[in-house]
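Work through the exercises below with the model open. Try each task before reading its solution.

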Amino acid sequence: MGAGTAGLLAGAALAALVTAAGTGAAGAPAPAAAPVTGGLVAAPGGEGPGARWVRDEARFAPVGAFVPSEAVTYDLDLLPAAAWIRVGQAVSRSETTVVAEVRGLRPGRAYGAHVHTGVCGADPQAAKGHYQNKVDPVQPSTDPVYVNPYNEVWLDFTTDAEGAGRAVARHSWGFRPGEAASVVIHDQQGGAGARLGCFSVPFVSPEHAPGRS
Ligand SMILES: [Cu+2]
């Protein structure tokens, strides 16, 4: 999937961003004390001059769980409860970078993921469609002119032997305020597939990035 690698960060820049986010090595165990839900946390650092980044993390819980989570799994086999996800977003005047990290999924499996426009709900369709920079006038959007990793934020990943995975997407555009609301994990890559889970993330727009006036 050559198109899917478009916009991926160079390793060094990714390492810098991930280091800034305070993560450990890819195979490190998930932090035991990770909050079930987390607010979007602003922090110094980021990528490039003037960049700001935010991050949010959660553990997946099934619909109707006694302790609800910002991250909902719809498939306990492919996306087990207590699997962990963290999404970071670096925002500068010229770029938006989104990093997704997961742990506790099926090892050695390809998953699809995208930024969606709706907040997660009990219904997998609550997350609505993909966030698009240029919005397809025909919805639901299926036209590859609009459904592609340049116009959308694709975060497809393949898990390692431990069930951990990571994806990065970088674009020269930013989110419109309030229109990017979640990351949905799918059972296949390339812009389609059943919805396995959803993590509500209040993505920020360049003009509303923390620390900006
Ligand atoms: Cu999707």
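**Exercise 1. Strand β4 and its partners**

Which residue in β4 is the bridge partner of Asp56?

Solution. The partner is Val87. This is a predicted model: local features need pLDDT of at least 70, side-chain atom pairs count only at pLDDT 80 or more, and totals for chains, interfaces and linings use all residues. Residues are numbered from 1 along each chain as its sequence is written.

Step 1: place the strands. Helices (H or I, at least four residues) and strands (E, at least two) are DSSP runs, numbered from the N terminus. Two strands pair if DSSP finds at least two bridges between them.

Step 2: take the first pairing. β2 and β4 run antiparallel, joined by 8 bridges.

Step 3: take the other pairing. β4 and β5 also run antiparallel, with 8 bridges between them. Here Ile85 has Val102 in β5 as its bridge partner. A hairpin of 4 residues connects β4 to β5.

Step 4: check burial. A residue is buried if 20 or more other C-beta atoms lie within 10 Å of its own, exposed if 12 or fewer, and partly exposed in between; C-beta atoms are placed from the backbone. In β4, 7 of the 8 residues are buried, and the strand is mostly covered.

**Exercise 2. Gln89**

Is Gln89 buried or exposed? List its contacts.

Solution. Step 1: locate Gln89. It lies in strand β4.

Step 1: count neighbours. Gln89 counts as buried because 27 C-beta neighbours fall inside 10 Å.

Step 2: list contacts. Two residues are in contact if their C-beta atoms, placed from the backbone, lie within 7 Å. Beyond four places in sequence, Gln89 touches Trp53, Val54, Thr96, Val98, Phe203 and Val204.

Step 3: Gln89 and Arg52 are 37 residues apart along the chain, and their C-alpha atoms are separated by 8.2 Å.

**Exercise 3. The whole chain**

How many helices and strands does the protein chain have?

Solution. Step 1: count. The chain has 1 helix and 10 strands.

Step 1: order them. From the N terminus the run is α-β-β-β-β-β-β-β-β-β-β.

Step 2: take the totals. The chain has 213 residues, of which 41% are buried. Among contacts with a separation of 6 or more, 63% join residues 24 or more positions apart.

**Exercise 4. The largest nonpolar core**

Which residues touch the most other members of the largest nonpolar core?

Solution. Step 1: define the set. A nonpolar core is a set of buried Ala, Val, Leu, Ile, Met, Phe, Trp, Tyr and Cys residues joined through C-beta atoms within 7 Å.

Step 1: The largest core holds 46 residues, and Ala100, Ala113, Leu155, Val183 and Phe199 touch the most other members.

Step 2: find the sources. Strands that each supply at least two residues of this core include β2 (52-62), β6 (110-116), β8 (165-171) and β9 (182-186). β2 gives the most, with 5 residues.

Step 3: Beyond four places in sequence, Val183 is in contact with Val87, Ala100, Ala113, Val115, Leu155, Phe199 and Val201.

**Exercise 5. Strand β10**

Why is β10 largely enclosed by the rest of the structure?

Solution. Step 1: count burial. 6 of the 6 residues of β10 are buried, so the strand is largely enclosed.

Step 1: list pairings. β3 and β10 run antiparallel through 3 bridges. β9 and β10 run antiparallel through 5 bridges.

Step 2: centre on Phe199 in β10. Ala71 stands opposite Phe199. Val183 also stands opposite Phe199.

**Exercise 6. Backbone exceptions**

Which peptide bond is cis, with omega near -5 degrees?

Solution. Step 1: recall the background. Most residues other than glycine have a negative phi, and most peptide bonds are trans.

Step 1: find the bond. The cis bond runs from Gln139 to Pro140. Pro140 lies in the loop between β6 and β7 (157-158).

Step 2: take Ala82. Its phi is positive, about 80 degrees, although Ala82 is not a glycine. Ala82 sits in the loop between β3 and β4. Ala82 counts as partly exposed, with 14 C-beta neighbours inside 10 Å.

Step 3: take Lys128. Its phi is also positive, near 60 degrees. Lys128 is found in the loop between β6 and β7. Lys128 is partly exposed, with 16 other C-beta atoms within 10 Å.
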